[in-house]
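Hi,

Here's the structure I promised to pass on. Have a look at it first, then read my notes below.

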Amino acid sequence: MIYSIGYDGGLSIPTLQTLLARLDAVLCDVRSLPSSRIPGFHGTTLKSTFGTRYLHLPQLGGIDVNASGVALKIAPEDIRALALSAQSAHVLIMCKEHAPCDCHRHRTVAAPLWAMHGTDVFHLMPDDGLRWDAPGATPCVFPESGWDGEWEGEHDNTQTLDQHLKGR
């Protein structure tokens with residue numbers, strides 16, 4: 001199973017540690033460059049905190065144009081490798097952007113996982129609890145003012161992480 005989260009919405013390292021333990025997941029950092037001004041989220045710090053449960057996957061990063069301004073796509077074999085890894089272990093992909101629909105984790109990682117392999121990616125959204133969205137159902141659309149805990153439009157695939165874990 002694959003999950004995704006952005007740390008810019010106030011995610012803390014202790015919360016991330018708890019999530020990884022509850023999900024029994026490996027943390028896959030899908031930033032092109034694993035640096036951050038937010039304490040604890042620099043790649044070297046994450047590696048020392050999580051050890052073998054941390055992987056940096058720059059090939060799944062969000063830089064989507066090259067120096068010539070030509071749009072880049074993530075290679076299908078990298079998407080396939082992530083789908084295969086999720087068959088043997090739970091994976092939590094992480095990037096900075098809080099809202100998945102504003103981030104490459106949804107557009108260039110989760111959507112192709114669904115389209116090419118039928119793999120759901122559950123976007124964890126810090127709120128009172130954690131909420132998820134399976135991109136194969138209905139694409140998530142956020143209000144321009146930010147996510148207020150409700151989906152815009154017809155989305156009935158939102159539940160707390162506890163509800164999700166009970167059902168898996």
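A term to start with: contact means heavy atoms within 4.5 Å. This is a predicted model, where local features need pLDDT of at least 70 and side-chain atom pairs count only at pLDDT 80 or more, while totals for chains, interfaces and linings use all residues. Residues are numbered from 1 along each chain as its sequence is written, and side-chain values use heavy atoms, with hydrogens and water left out.

Let's begin with helix H3, residues 76-88. (Helices are DSSP runs of H or I with at least four residues, strands are runs of E with at least two, and both are numbered from the N terminus.) Which residues of H3 are buried? They are Ile-79, Leu-82, Ala-83 and Ala-86; buried means under 20% relative accessible area, exposed over 50% and partly exposed in between, with a 1.4 Å probe and protein chains only. Strand S1 (2-6), strand S4 (90-95) and helix H4 (104-117) are among what covers those buried residues. On the face turned away from the buried side, H3 carries exposed Glu-77, Gln-87 and Ser-88.

Now S1, where five of five residues are buried. One side has Ile-2, Ser-4 and Gly-6, the other Tyr-3 and Ile-5, and both faces are covered.

S1 runs parallel to S4, joined by five bridges (strands pair if DSSP finds at least two bridges between them). Ile-2 has Val-91 of S4 as its bridge partner. S1 also pairs in the parallel sense with strand S5 (residues 121-123), over three bridges, and there Ser-4 partners His-123.

Cheers

Conventions
The expected span of a helix is 1.5 Å times one less than its number of residues.
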